[in-house]
Protein chains: 2
Amino acid sequence: MSTDPLVIFTPSGKRGRFPVGTPVLTAARQLGVDLDSVCGGRGICSKCQVAPSYGDFPKHGVTVAEGALSDWNAVEERYDRVRGLKEGRRLGCQATVQGDIVIDVPPESQVHRQVVRKAASARPITMDPATRVVMVEVEEPDMHEPSGDLERLKVALKEQWQIEGVTAPLAILQKLQPALRKGNWQVSVALHQPANSEEFQILGVWPGLHEGGLYGLAIDLGSTTIAAHLCDLSDGRVLASAGIMNPQIRFGEDLMSRVSYAMMNPGGDAEMTRVVREAMATLATELAAEAEIDAALIFELVIVCNPVMHHLLLGIDPVELGQAPFALATADSVTLAARDLDLTGIAPTARVYLLPCIAGHVGADAAAVALSEAPDKSEDLVLVVDVGTNAEILLGDTHGVLACSSPTGPAFEGAQISSGQRAAPGAIERVEIDPETKEPRFKVIGCDLWSTDPGFAEATKDSGVTGICGSGIIEAVAEMRMAGLVDASGLIGGAEATGTARSEPQGRTHAYLLHDGTEAGGPRILVTQGDIRAIQLAKSALYAGARLLMDKRGVDKVDRVVLAGAFGAHISPKHAMVLGMIPDAPLEKVTSAGNAAGHGARMALCNRGEREQIERTVRRIEKIETAVEPRFQEHFVNANALPHAVDPFPELAKIAPLPNVRFGASGGGEDGGRRRRRRG
Amino acid sequence: MSTDPLVIFTPSGKRGRFPVGTPVLTAARQLGVDLDSVCGGRGICSKCQVAPSYGDFPKHGVTVAEGALSDWNAVEERYDRVRGLKEGRRLGCQATVQGDIVIDVPPESQVHRQVVRKAASARPITMDPATRVVMVEVEEPDMHEPSGDLERLKVALKEQWQIEGVTAPLAILQKLQPALRKGNWQVSVALHQPANSEEFQILGVWPGLHEGGLYGLAIDLGSTTIAAHLCDLSDGRVLASAGIMNPQIRFGEDLMSRVSYAMMNPGGDAEMTRVVREAMATLATELAAEAEIDAALIFELVIVCNPVMHHLLLGIDPVELGQAPFALATADSVTLAARDLDLTGIAPTARVYLLPCIAGHVGADAAAVALSEAPDKSEDLVLVVDVGTNAEILLGDTHGVLACSSPTGPAFEGAQISSGQRAAPGAIERVEIDPETKEPRFKVIGCDLWSTDPGFAEATKDSGVTGICGSGIIEAVAEMRMAGLVDASGLIGGAEATGTARSEPQGRTHAYLLHDGTEAGGPRILVTQGDIRAIQLAKSALYAGARLLMDKRGVDKVDRVVLAGAFGAHISPKHAMVLGMIPDAPLEKVTSAGNAAGHGARMALCNRGEREQIERTVRRIEKIETAVEPRFQEHFVNANALPHAVDPFPELAKIAPLPNVRFGASGGGEDGGRRRRRRG
């Protein structure tokens, strides 16, 4: 035995001695080396490609001579001729060990390869999808030893892949016999293993080697927007992404309006269920078309959403979520068939996984953020804020995580704002106001120029300047505050007080003219007193939620802040702190996680272990119900003011700080804010 | 401890000492006594009724004094007032042990009670259905410790019933919240535990105690007829039974015609699938209406059928079953949702169980017969024949069981017979022919009089005499043979040879006039030469199958014969042996099992353990494929003759035997039979 050749795999470093003639794939399997194979060593799939190295390897203590692997055989030659084999590569199932050898497994040949991550804060994705393809050779039927084709397929899976506990839904039984015969008793099957299960379901069957791939959707089902990534389940690549409006908008902009709609209108919940399912089916089909893949190859969906969306999607009346004690029908993860959600157009056997909900107001979207940002694995105390129509807030570190949800409303998404619009070309997304002249400049989505730059009009002539999106209104209000146009209570000063004609009277209040587009046929875009109030309400809710968690944790500052949410990606941390949206923290400790909920969904899509992970994590998160916490109301009222009249990060500012000004006699100041709230 | 009162349960004889104050139900549970309870001891369901006995019990060594049980409490008094408690009965959950006591558990309080059996040969049914109801008290939601209603229900099931591994389909999640609140946090759930599974699925949920019952259907899906029993899943009672024509008949009378239809007509299999599913849904609804139960309380279906029906029901193209090697898509039992088979109208969560198939030609119906008649448990060698459009044949004893299927065709069911009809009022089912006068007399279904009895015309004036059913044609042919009207080759003699004008010329052959109903406006009913040939072919197939198994077993006689099948119930064993349908056996050893397949289905419906039992048994049965066995053809040809010209059981006969006559020159005799077959 000791004279058998030594086989060393890189990068794992795993090594062992194998008899001359052992296929490389066999050696890899026996050593537990992560080397892919779909065809089971038949030289068909080419997934087991390896790169042998020759020469001296003092580090490994071997010298690899020419001839350490068998010569190319007919299968490799044919494969190279037909498909082409990269220089230096061998098929692991064909090349056999002849002498001491060092063999590298390139990333694309690893089953559990890592997906390149986008956001620095997000946890990396290691591929281990719940659904994968294996090819088997099934014994032909023998009428003297009768057994079903399915039973012989199961025997083949057990013998060739050591996979047991396999079941097949009816849709597969109906396709199995022709597939086996067309494939001349070789078939590929898509096997799905749910989280926390030892069992496998067959979701697809194809004659011979299936080369069409398997795909999955990671869906972030928001109150306002449904966003989805179409991913390749072999390597996690995002092939297409899209977002569409949630058609439930017409039944109510925010969650509670939709709950009310369900309560007031018999069948209203069923109607909302129908439209959101239709929208998701449409989105799936569109993404498949965009990526030019067959939608019938979409076998998995992972959905994250808030609890009301969760119940409406599942066809559960959300009435209990509209009133204390905000009881969920189910808080655990939900696994079901896509057809149970009327998701047609994709694979008829496709499976859906909904992440667990954290509490009645803290949904599977927050769980996805927790999966992506992993506050429970953070050494320092991190505040994770997912800004959307509702804000999901997590605070914690390795010692424990707290969670709550805060009803910010849709103002941060440009709704309830006089010139508000959703993020689209032509929407103002960046604003600066000169504290001396009080003149603004801005950028719109789709154009890199400032509005004051030469060529801006030409560059934006297609889109025009059409309104203000969520990040734009936050910057506008913060800049107005810093330029002395707005006082701490949120009141906009008139032209006399501010010294600029852009402070226009509007009824009994004032508005600031951000852009007069009438010359170019566009709208006049103003920031009105109502807009300021809407932003104040939204940011107070957000801040109050964060403060509540900090109280519970017994801290008055956090080490770092992560802004998540599709919208969070575009918020300027500086302006957010000027507004008092989030507790103060060193600016370099405020990061954007992008669409963390979507990333969490993608993690759960690409790796079934992450599903088990988040299910365990969610059970350990301490849930805080803001709706009945007296301190939440208190923080909410106290947070109404716009605290920073000066740029809190002057080293980053191009504009000088201003004194804290206050306008008018009525309604101003922090007391005014509190009183208004009480009257409301 | 030794001074604690002694509690003795009858009929089990289980005994133990329990502290004063122990509820009887608690004592029963601790001793493993089979005492039912749905409400879990809340004094609501009354399922735990027991009958205490007082006085001296020398056999048990105790004397039971008055006061050995606690006095009636308020719960029992209320129950008695509202619902009435039978004399001498107590509620086991309320009455507590106060002294030595003997307590009888009446059959209706036992979970695993036995169902009274109809056919002597059939194995008894002990209740242990896969679906049962339990009531639980669920903790109310607490917003400070948020958890889903489903999760709290699961905790309650674990704590109150020690039931774990529970899942709920979407349809239950959608109903759970209102049920919990309407029931004030007490709900009943229908729990389903599939065969070979540790897991439970919730199939139904109701506020408070569910008193509507649970029901199941045992369905025998035949090529010609779909027969179903509606059973109460608490005690196994059959509440209603019905049979309807299989609407696939219009695509082909026998199985192979339907397979051909599927092969020749694109979409033909889907069409046959649709019609049979529709018929089953209709049958379910009709049975529920007849039994006056809510069809939505039908939670389980057990279906037995031959392989072609099996595949067509499941929507699997049966093409492979039409050609060697007759490969089944799946041979194992199939468990699926009723809605997968479009079975609407019943509980939307209802489950379907199909028994395993034995081989490509020996289906789940044969498995059900094996379950009911248990040849594998027989000490003597038993031949079980299930006579239908196909005959399923089992031969065996405790040393092993052989199985095959034989294509008898539909002649035994009255099809392919000139005056044939299905068994219905007006159909001739019994025939006697006087060997001297050659005059017949007969009975029709729905009338106990012989046709020669006074009052027959009056008694049958509603139904008339409309045709001959399966059992009638067998008796007619056998009686014709014994009366010397037919020779050993099956040829009908003319009037000259037979001496009766009832032998009418018909083309180049003769026919025997059984009944001239023209006076009463009815049809003339004749047994034609074609009819004899059809019966000869059918009986030859049946006999050949049985002989083939006997060859394999190495025997030339069997100890006993069981005739199964709805039709088998009506066959006269004597006439069957006159025709040579079955191997000769002592007449008292030939019994009818009634609809054994239906009984097997009912066993699997009422007891989930029987499902596991038949799955194990089927794996051990040796399958013989008649279609490719040369000896089957040989036996088939040799079996064409009608062997017994004399009554083989003269002691039972009222009519004297006749000499073996033979008519005509051409086509007669055993050789003739063989030659005809070869030409065909």
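## Helix packing in chain A

Angles under 35 degrees count as roughly parallel, over 145 as roughly antiparallel, 65 to 115 as roughly perpendicular, and the rest as oblique. In this predicted model, H3(A) and H4(A) pack at an angle of about 75°, with their axes 10 Å apart. H3(A) and H4(A) are therefore roughly perpendicular to each other. Axes here are lines fitted to C-alpha atoms, for helices over the stretch in contact, and angles run from 0 to 180 degrees between N-to-C directions. Helices (H or I, at least four residues) and strands (E, at least two) are DSSP runs, numbered from the N terminus.

Which residues of H3(A) meet H4(A)? They are A:Asp149, A:Leu150 and A:Leu153. Facing them in H4(A) are A:Leu173, A:Leu176, A:Gln177 and A:Leu180. By class, this contact of H3(A) with H4(A) has five nonpolar, one polar and one charged residues. Ala, Val, Leu, Ile, Met, Phe, Trp, Tyr, Cys and Pro count as nonpolar; Asp, Glu, Lys and Arg as charged; the others, Gly among them, as polar.

## Conventions

Residues are numbered from 1 along each chain as its sequence is written, while chains are lettered from A and ligands numbered from 1 in the order in which they are written. The model is predicted: local features need pLDDT of at least 70, side-chain atom pairs count only at pLDDT 80 or more, and totals for chains, interfaces and linings use all residues.

## The interface

The contact takes 35 residues from chain B and 35 residues from chain A. Helix H3 (149-161) and helix H4 (170-182) of chain B are the elements that give two or more residues to the side of chain B that touches chain A. H4(B) supplies the largest share of that side, five residues. The residues of that side divide into 19 nonpolar, eight polar and eight charged. The copies meet through the same surface, because 100% of the interface residues of chain B are also interface residues in chain A.

A:Met143 sits in the loop between strand E10 (131-137) and helix H3 (149-161) of chain A. Leaving aside neighbours within four places in sequence, A:Met143 is in contact (C-beta atoms, placed from the backbone, within 7 Å) with B:Ala324, B:Pro325, B:Phe326, B:Gly360, B:Glu625 and B:Val628. A:Met143 counts as partly exposed because 17 C-beta neighbours lie inside 10 Å. A residue is buried if 20 or more other C-beta atoms lie within 10 Å of its own, exposed if 12 or fewer, and partly exposed in between.

## Backbone features

One runs from A:Ala324 to A:Pro325, with omega near 0°. The other runs from B:Ala324 to B:Pro325, with omega near 5°. B:Pro325 lies in the loop between helix H7 (307-314) and strand E18 (334-337) of chain B.

A:Trp185 has phi near 75°, a positive value in a residue other than glycine. A:Trp185 lies in the loop between helix H4 (170-182) and strand E12 (186-192) of chain A. With 19 other C-beta atoms within 10 Å, A:Trp185 is partly exposed. B:Asp342 is not a glycine either, yet has a positive phi of about 60°. The place of B:Asp342 is the loop between E18 and strand E19 (351-354) of chain B.

Note on methods. Two residues are in contact if their C-beta atoms, placed from the backbone, lie within 7 Å.
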